[in-house]
Amino acid sequence: MALMSYAQAACSALAGAMRADAGVVALGEDVGNGGVFGQYRGLREEFGASRVIDTPISEATIMGAAVGMALTGLRPVVEMRVVDFALCAIDEIVNQAAKNRYMFGGQGRVPLVARLPIGIWSGSAAQHSQSLEAWFAHIPGLVVVTPATPADNYALLAAAIECGDPVIYMEHKELWGLEGEVPPEPTAVLGKARIARGGTDLTLLSWSGMLHTALAAAEQAALQGVSVEVIDLRTIWPWDRETVLESASRTGCLLVAHEAVQAAGFGAEIAATVAEALGIPVKRVGAARIPVGYARTLENVARISTQQLLQELKEFLNNRGRKRSMR
Amino acid sequence: MAPDTSEANDSPAERLLPLYRTMARIRAFENAAEEASRGSVAAFGASSDAASMIRGPLHLSTGQEAVAAGICANLTRDDYLTSTHRGHGHTLAKGANITAMMCELFGRGAGTNKGKGGSMHIADFAVGMLGANGVVAAGIPIAVGAAHSAKIRGSKAIVACFFGDGAINRGPFLEGLNWAKIFELPVLFVCEDNRYSATTATDAMTAGDGAAARARGIGIPAESVDGNDVLAVDAMARELVARIRAGAGPQLLHALTYRVKGHVSVDAAAYRDPRELESALEGDPLKLAGLRLAALGVAAATVAKIDTEVRNEIDAALAAAHSAPATEPDEAYADVQDLGAGQWR
């Protein structure tokens, strides 16, 4: 067990994969100097510039070249800095990486990991603050992962590199410095959610940065006598229906909270699935459908705060929940 | 099979005969495919016909065969190739299985891609053909990545990257060429200039002096060649491939040719002056190669025999494609992805 930051955990996972397999390479802007968040620190020194590849600011070709590398025997890890920049490479992600295996009848595989961090990055405004996980969950061929803790960033990045299909790996832009214990043996696998806090009155499902808001809201709810079960979904696609349905059937209601815009967010997919399967009350809490503004006052409007989530949770229990109500 | 033309000391006739065969094979394949694609897609005023054996847009490279044949004659089976939406010729010239290709166009399980790609996504990884592509210029970054991979893995393979004249106006052209140059990657960029971007003459859409000038602007040596003269393409490709194999980094060849057919098989290209086509047909690459063979003293019967042989090959491929079973519907769920695959709704 070691205390690591979220960035160090990812770096450690990548270093381990690169030691184990000479075919694992990392490419993207500024990776040679350790990455702008320190998530590649020391890798060029250990593995050399031919495997930790500094690239031009050419997102389409960073991603497209990674597809060509993956088709010809390498396992590239692609740095896109933030999901917002990956939009310059959307053809390469959606039409190339995600389609090649199927479209070529299984002749080629695309074992790449594309790191596309999501979330509001304080003070960075509209083009650096999006949470677009639902876009990628919509595309057949992609696995979509959203680690929330250092331990998960270690385990899930290692698993993503092993995956064999293209993985959209979405770290959170504001969790890089989050510290936590990271066990040497991975404690997470792709496609499996984690019950982050047990509870009996309501299932609160979240992922990525919003998980921490959800845990804080559950803590406050507990002080008011309401037992909230918090699930960290960890993987957006394929999402762990089994764990979510089991928990929701036990608590009798489900609230999904995410940082992404609520409208057409992935919470809608989960809520609809749970409602269809169990016929229980469901609710979504996501951001308003506005760009993230620069001024703190504007950014705060686009964020879901702990207090806001708690308030939504109370209203849900009072109006729709079957077991308990809160004042 | 790709012609074995590794002997650089072949006489011109010995060099030209296999190139002629490759071009004749491409022409015959595409003529047959065109015939089977009547009513393939609703576009250009044509309506789609459910009875059409080949579905969707079929992009023919008729008249451009010398580019594919001349380049691929200088590649080995281990070399990679990326193609465009107009990729039958490149695929055949790289040595792909003809029957499996025709089956692919017919949507058969025995197709190169199990019927999942069709003409526009045809690929044969067994011969290094990493795929045709439905998106203009999208093959360029993939080619660059394959070359980068070869360099990292210490492989001797090089990459031939085909793209059209329209592709040089997309960002991946600039990004990909710059990338190939800064990493000194073994890529032969081939701008197969058929002068049309769908229905639009590319000239009017392109500033400056085109692909070769743009390549030189970022330090990539570039040559231009008559893309209808297969011996000229072959000679130029031999030179550029030799440079790449010797470690000189990426090279670009601008091959000027002409798209004889419309954008897709159902496009009659009515937007074009018929005299332009007439004049272009004077320079048809198969016609030119036939004249050259005659001038080199090759008997007409020898050429006719090649024509017959490739026609027989294509007839056999067509017959096999007609009788092959359609791809099983269950195949729709295969090779999507391992984790998260299945009939999720």
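Ala160(A) touches Val113(A), Val145(A), Val167(A), Tyr169(A) and Leu190(A), leaving out residues up to four places away in sequence. Contact here means C-beta atoms, placed from the backbone, within 7 Å. This is a predicted model: local features need pLDDT of at least 70, side-chain atom pairs count only at pLDDT 80 or more, and totals for chains, interfaces and linings use all residues. Residues are numbered from 1 along each chain as its sequence is written, while chains are lettered from A and ligands numbered from 1 in the order in which they are written.

**The core**

The largest nonpolar core holds 215 residues. Ala160(A) is among the members that touch the most others, with Ala114(A), Cys161(B), Leu188(B) and Val190(B). Such a core is a set of buried Ala, Val, Leu, Ile, Met, Phe, Trp, Tyr and Cys residues joined through C-beta atoms within 7 Å. Helix H1 (residues 12–35) of chain B gives the most to this core, with ten residues. Domain 1 (2–182) and domain 2 (194–319) of chain A both contribute residues, so the core lies between them. In soluble globular proteins, nonpolar side chains tend to be buried together.

Leu188(B) sits in strand S3 of chain B. Helices (H or I, at least four residues) and strands (E, at least two) are DSSP runs, numbered from the N terminus. Is Leu188(B) buried or exposed? Leu188(B) is buried, with 26 other C-beta atoms within 10 Å. The cut-offs are 20 or more such atoms within 10 Å for buried, 12 or fewer for exposed, and partly exposed in between. Beyond its neighbours within four places in sequence, Leu188(B) contacts Ile158(B), Ala160(B), Cys161(B), Leu240(B), Val241(B), Ile244(B), Gln251(B) and Leu253(B). Leu188(B) and Gly210(B) are 22 residues apart in sequence and 17 Å apart in space, C-alpha to C-alpha.

Ser323(B) gives a contrasting case. Ser323(B) belongs to helix H11 (residues 300–323) of chain B. Ser323(B) is exposed, with 10 other C-beta atoms within 10 Å. Its C-alpha atom is separated by 51 Å from that of Ile218(B), 105 residues apart along the chain.

**Domains of chain A**

Chain A is divided into domain 1 (2–182) and domain 2 (194–319). These bounds come from an automatic or database domain assignment. The domain centres, taken over C-alpha atoms, are 26 Å apart. The contact takes 24 residues from domain 1 of chain A and 22 residues from domain 2 of chain A. Helix H7 (133–137), strand S6 (143–145) and helix H8 (150–162) of chain A each supply at least two residues of the domain 1 side.

**Where the chains meet**

The contact between the chains takes 38 residues from chain B and 39 residues from chain A. On the chain B side, helix H5 (139–153) and helix H6 (171–182) are the elements that give two or more residues. H5(B) gives the most, with eleven residues.

**Strands in chain B**

Five strands of chain B form an open sheet in the order S1-S2-S3-S7-S6, with parallel pairing. Strands pair if DSSP finds at least two bridges between them. The edge strands are S1 (80–82) and S6 (222–226) of chain B, each pairing on one side only. Neighbouring strands are turned by 20° against each other on average, direction ignored. Axes are lines fitted to C-alpha atoms, for helices over the stretch in contact, and angles run from 0 to 180 degrees between N-to-C directions.

Three bridges join S1(B) to strand S2 (residues 159–164) of chain B. Tyr80(B) has Val159(B) as its bridge partner in S2(B). Helix H7 (residues 210–217) of chain B lies across strand S3 (187–193), S6 and strand S7 (251–256) of chain B, running at about 165° to S7(B).

**Strand S11 of chain A**

Five of the five residues of strand S11 (residues 228–232) of chain A are buried, so S11(A) is largely enclosed by the rest of the structure. Val228(A), Val230(A) and Asp232(A) point one way, and Glu229(A) and Ile231(A) the other way. Strand S9 (residues 194–197) of chain A pairs with S11(A) in the antiparallel sense over three bridges. There, Arg197(A) stands opposite Val230(A). Strand S10 (residues 202–206) of chain A runs parallel to S11(A), joined by five bridges. Thr203(A) has Glu229(A) as its bridge partner in S11(A).

Note on methods: Two residues are in contact if their C-beta atoms, placed from the backbone, lie within 7 Å.
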